[in-house]
Amino acid sequence: MKRRDIMITRRGALGGAATALAAGPAFSQAAPSVTPELVDAANKEGKVVWYTSIELSMAGAIARSFMQAYPKIMVQTERSGAERVLQRLMQEYASDIHNADVIESSDITSFELFKDKGWLAQFLPEEVKQLWPAEERDSDGHYATVRATLNTMGVNTDLIKSAGLPKAYADLLRPEWVGKLVKASPNYSGVVAVSTYILVQTIGWGFFEKLARQQVMQVQSAAEPPKVISQGERPVAVDGGEYVFLNYKHKGNPIDAIYPLEGSPLISGPAAATKDAPHPNAARLYTSYLFSLQAQQMMVDQIDLRSFHPGIKEPAGRAKLADLKLLRASPQALAAGVEETKKKYTSIFSV
Amino acid sequence: MASSALLLTGEQVAGIRRRRGFDVSMAVFALLALCLALLVVMPTGWLLWYSVTNDQGQLAFGNWLALVTDPSLRAAMGVTMVIAVSVAALCAVVALPLAFLIARTDVPLRRTIRAAVTASFVTPPFLGAVAWEVLAAPNSGLLNVWARQIFGFGRYQHLFNIFTVSGVTFATACYTFPYVFTLLTNAFERVPTELEDASAVIGANRWRTARDITVPLVLPALLAGMLVAFLQALTLFGTPAILALPAGFNTLTTKLWSLFQYPPQTHLAAAASMPLLLITALVLWGQRRVLGDRSFVVIAGRSGTTRPIALGIWRAPALLFCAFIMLFPVILPYFALFKVAFVHNISEPLAWQNLSLEHVGFALWGISDTQVALKNTMLLGVLTACIVTVVVLVTGYAASRRLVPGHRALPVLAMAPLAIPGIVMGVGLFLVYTHPPLMLYGTIWIVLIAFVTLEMPGGYQQVQAGMSGLHPELEEASRIFGASRLRTLIDITAPLLRSTIVSIWCIVFIGALRELSAAILLANANTQTIAVVIYNLNESGDMGPIAVLGILLMLITFAVVILVNRLPMLGGGR
């Protein structure tokens with residue numbers, strides 16, 4: 001209750017700030033790719049279509065704050081799960097339908113494919129080119145990480161007292177956790193497909209083969225394990241989005257994220273403007289806005305996402321990225337290896 | 001000579017007039033039959049083609065081979081068959097006594113019990129599954145929490161586990177049995193008491209009467225109901241999507257769903273839906289073989305009405321039985337949904353200090369999609385119901401009166417969509433309507449076409465049941481008096497079928513509101529429905545707003561169904 005109320009009030013405050021920033025010189029200095037000519041051209045187009053898989057209320061808040069900054073441009077938000085967004089896009093492009101201006105999802109593997117097919121515009125805001133770490137932007141300048149999260153373990157702190165907390169993935173193989181674990185499936189969640197691939201590279205299939213004997217409850221999306229441990233259906237989550245765990249925690253549920261000793265897979269969610277965008281200028285303006293400090297700070301403050309903007313003010317009490325052991329894989333390696341990972345996973349877990 | 005010429009002309013005029021009248025109605029029938037064929041054949045044909053080709057568009061039979069060789073597909077097929085057969089059996093066992101009590105006896109609160117059945121019918125299966133997850137998950141399930149308090153179980157001991165094959169069967173049957181119930185009550189109500197009386201008069205005892213009169217009249221409806229239940233369970237996505245994965249198995253539909261995940265294996269998915277099509281074709285053919293030559297005309301010119309059987313001292317136990325049955329699809333799940341909707345945090349118990357309207361506010365005003373989706377849902381529901389009602393009435397009539405060549409194919413066409421899982425139908429329609437000449441993608445009309453196609457079987461079942469008991473003698477009388485076929489249809493047939501028409505409309509309306517899997521593929525931000533909003537909320541784990549929207553959906557449906565039943569149309573509302 002408190003959390004959502006705060007979000008709403010904060011949304012209002014930010015909206016006001018957005019107008020001020022967009023009009024003032026500070027914003028155009030920070031993002032020189034947003035020229036008055038671009039804004040004029042985008043205003044004439046009057047609309048931008050945003051395909052996104054970001055959290056529901058966040059999608060609405062970002063779209064609203066953009067429309068407050070650029071009142072002449074209507075944002076049509078097509079929000080769904082990451083896999084559904086991609087599926088829709090692929091369907092549409094297969095039929096030569098180009099609806100999307102800006103694509104944004106948590107599944108980086110598909111952005112490699114889109115790039116190969118020539119669907120993405122070669123466009124990145126100046127801010128991203130100058131400030132983003134090299135591994136978080138496409139070397140050819142088609143897409144970059146607009147938001148990131150970690151794949152972590154999670155625990156219900158009412159059910160498991162701190163002495164008994166698992167600290168590493170290896171701990172989950174102990175007999176005391178039989179029938180107590182929940183895990184999302186890589187066959188349904190792109191985030192989990194990525195993290196499974198990374199974990200296999202780090203700790204090997206042997207871990208998963210042993211994990212399969214622990215009677216693990218399987219769910220579809222990376223947002224579900226936090227829900228399941230909040231309900232107390234299972235006390236420990238093998239995986240799940242860090243931001244979802246933290247969100248549930250902030251809402252007052254007795255849960256917490258655990259950063260495993262072996263490391264936490266980093267899940268990069270890219271954004272890109274499409275090459276055949278029906279509103280090409282609005283697409284560039286909106287993409288620039290998503291990467292702007294203001295939108296980035298909203299994502300960090302409201303739903304605990306991770307940002308690569310160096311200007312971000314970290315929320316108090318959250319472990320900093322620099323202090324955590326991160327596990328990464330290149331988008332190319334992921335695009336090549338994820339399918340095999342899913343097959344192998346199914347043969348081990350039967351779903 | 002002149003007079004004879006005049007006479008000839010007169011005959012010719014009459015002949016022409018008669019022929020023209022005949023032609024108009026025939027043209028309507030033929031056109032509707034053609035539309036039906038296109039609606040069903042286009043996506044099905046696409047499906048067939050995709051199942052035997054590869055990504056390069058070349059002929060390839062590897063997909064069919066995978067049906068036999070891929071162990072995960074084989075396992076999914078096996079468990080799906082087990083669930084579908086069990087669901088059909090379970091539905092019959094529950095619906096038969098319930099329908100008998102409601103339709104033929106004086107058990108108290110019949111209207112309330114009927115309303116409860118409608119409530120379970122209105123509940124989207126995936127919403128019911130969410131509720132049953134809250135109730136009967138092994139550790140957090142409310143029923144198990146209570147059981148622990150009552151029996152002093154340990155923290156991880158449980159009484160019920162919804163995450164099992166039997167759990168999925170149970171949760172599916174909860175929201176499938178209304179199909180069987182509706183067909184059965186219609187059948188029971190049409191058994192004329194005078195026939196049973198006659199049987200009693202000539203000395204048959206109660207059992208003999210039941211065996212010779214009631215059972216043969218009700219059996220077709222029972223079989224038809226079980227058939228629908230079986231096929232619904234076979235192609236259902238919502239319930240297994242929520243419950244099967246945590247239970248550690250895939251059904252054919254969840255397997256299909258995973259085939260559509262990135263990177264989509266559309267051709268394999270098309271092949272994997274072939275068993276569903278084949279099974280349906282076989283079952284429908286079997287039904288014709290068994291019931292085809294058995295028809296009973298019960299609504300003729302002079303027909304008695306049914307008289308309720310007095311239960312005497314058995315009234316109270318009968319009521320208890322009905323209430324007990326309704327505990328599972330309605331009372332318990334909606335209790336669970338109310339708790340989730342009005343308790344602030346999912347982890348908190350139901351207590352005064354934890355109650356909040358936060359989820360209600362968020363669901364209605366916090367999510368910008370809700371209002372658009374509500375409007376779309378109503379529009380689609382009403383349009384789908386009206387269109388399907390007209391189409392199935394006319395095709396059902398044309399088929400039963402054998403009015404057009406190829407009338408035998410009509411029932412098969414109308415029933416065929418039953419075999420196509422919504423998700424596959426969604427892809428089929430997407431391909432059909434993103435290419436010229438019909439570019440409908442992105443509009444609400446493609447969703448409407450999907451809904452009309454998918455809801456056709458439900459409506460057709462009703463019309464078949466209603467039409468088979470309707471003797472042509474009244475229509476013939478009307479025709480003899482000079483009315484055209486269309487006029488007869490409107491003046492004689494439609495009023496006789498009023499209850500059938502209302503039930504077709506309601507069943508289709510409800511079905512359209514429940515539909516999820518095709519809408520999810522075809523709808524966009526401006527054309528989405530409440531079911532899609534709920535599904536998206538489920539992906540992000542927002543249980544509170546899901547429960548709020550679910551309850552809202554039920555209230556709306558109820559209001560509409562009550563309204564339609566009271567419409568002063570075709571002799572209703574008296």
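**Figure 1. Chain A as a whole.** Buried residues account for 54% of the 351 residues of chain A in this predicted model. The chain holds 14 helices and eleven strands. Its C-alpha atoms occupy a box of roughly 65 × 45 × 30 Å along the principal axes. A compact globule with 351 residues would have a radius of gyration near 20 Å, and chain A agrees because its own value is 20 Å. Of the contacts in chain A with a separation of 6 or more, 80% join residues 24 or more positions apart.

**Figure 2. The side of chain A that touches chain B.** The contact between the two chains draws 49 residues from chain A and 39 residues from chain B. Several elements of chain A each give at least two residues to this side, among them helix 4 (56-69), strand 2 (74-79), helix 10 (224-231) and helix 14 (331-349). Helix 5 (82-94) and strand 7 (217-219) of chain A also supply at least two residues each. By class, the residues of chain A on this side are twelve nonpolar, 25 polar and twelve charged.

**Figure 3. Helix 5 of chain A and its surroundings.** The 13 residues of helix 5 of chain A should span 18 Å at 1.5 Å a residue, and the end C-alpha atoms agree with this because they are 18 Å apart. Buried residues of this helix include Ala82(A), Val85(A), Leu86(A), Leu89(A) and Gln91(A). Charged side chains are found in the buried list too, including Glu83(A), Arg84(A) and Arg88(A). Within chain A, the buried residues of helix 5 pack against strand 1 (47-52), strand 3 (102-104), helix 6 (108-116) and helix 8 (190-203). From chain B, helix 19 (422-432) is packed against them as well. Just after helix 5 of chain A comes Asp96(A), with a positive phi of about 60°.

**Figure 4. Helix 5 and helix 15 of chain B.** Helix 5 (residues 125-136) and helix 15 (residues 315-342) of chain B have axes that come within 9 Å and cross at roughly 80°. Angles of 65 to 115 degrees count as roughly perpendicular, so helix 5 of chain B is roughly perpendicular to helix 15 of chain B. Gly128(B), Ala131(B), Trp132(B), Val134(B) and Leu135(B) of helix 5 meet residues of helix 15 that include Pro329(B), Leu332(B), Pro333(B) and Val340(B).

**Figure 5. Helix 17 and helix 25 of chain B.** Helix 17 (residues 369-400) and helix 25 (residues 530-539) of chain B pack at an angle of about 140°, and their axes are 8 Å apart. That angle makes helix 17 of chain B oblique to helix 25 of chain B. Asp369(B), Thr370(B), Ala373(B), Leu374(B) and Thr377(B) of helix 17 meet Ile530(B), Val532(B) and Val533(B) of helix 25. The contact of these helices has five nonpolar, two polar and one charged residues.

**Figure 6. Covered helices of chain B.** Helix 25 of chain B is largely enclosed by the rest of the structure, because ten of its ten residues are buried. Among them are Tyr535(B), Asn536(B), Asn538(B) and Glu539(B). Gly541(B) follows helix 25 of chain B and has a positive phi, near 75°. Helix 23 (residues 498-514) of chain B has 17 residues that should span 24 Å at 1.5 Å a residue, which agrees with the 24 Å between its end C-alpha atoms. This helix is mostly covered, with 15 of its 17 residues buried.

Key
Residues are numbered from 1 along each chain as its sequence is written. Chains are lettered from A and ligands numbered from 1 in the order in which they are written. This is a predicted model: local features need pLDDT of at least 70, side-chain atom pairs count only at pLDDT 80 or more; totals for chains, interfaces and linings use all residues. Helices (H or I, at least four residues) and strands (E, at least two) are DSSP runs, numbered from the N terminus. The radius of gyration is taken over C-alpha atoms; the globule rule is 2.2 Å times the number of residues to the power 0.38. A residue is buried if 20 or more other C-beta atoms lie within 10 Å of its own, exposed if 12 or fewer, and partly exposed in between; C-beta atoms are placed from the backbone. Two residues are in contact if their C-beta atoms, placed from the backbone, lie within 7 Å. Axes are lines fitted to C-alpha atoms, for helices over the stretch in contact, and angles run from 0 to 180 degrees between N-to-C directions. Angles under 35 degrees count as roughly parallel, over 145 as roughly antiparallel, 65 to 115 as roughly perpendicular and the rest as oblique. The expected span of a helix is 1.5 Å times one less than its number of residues.
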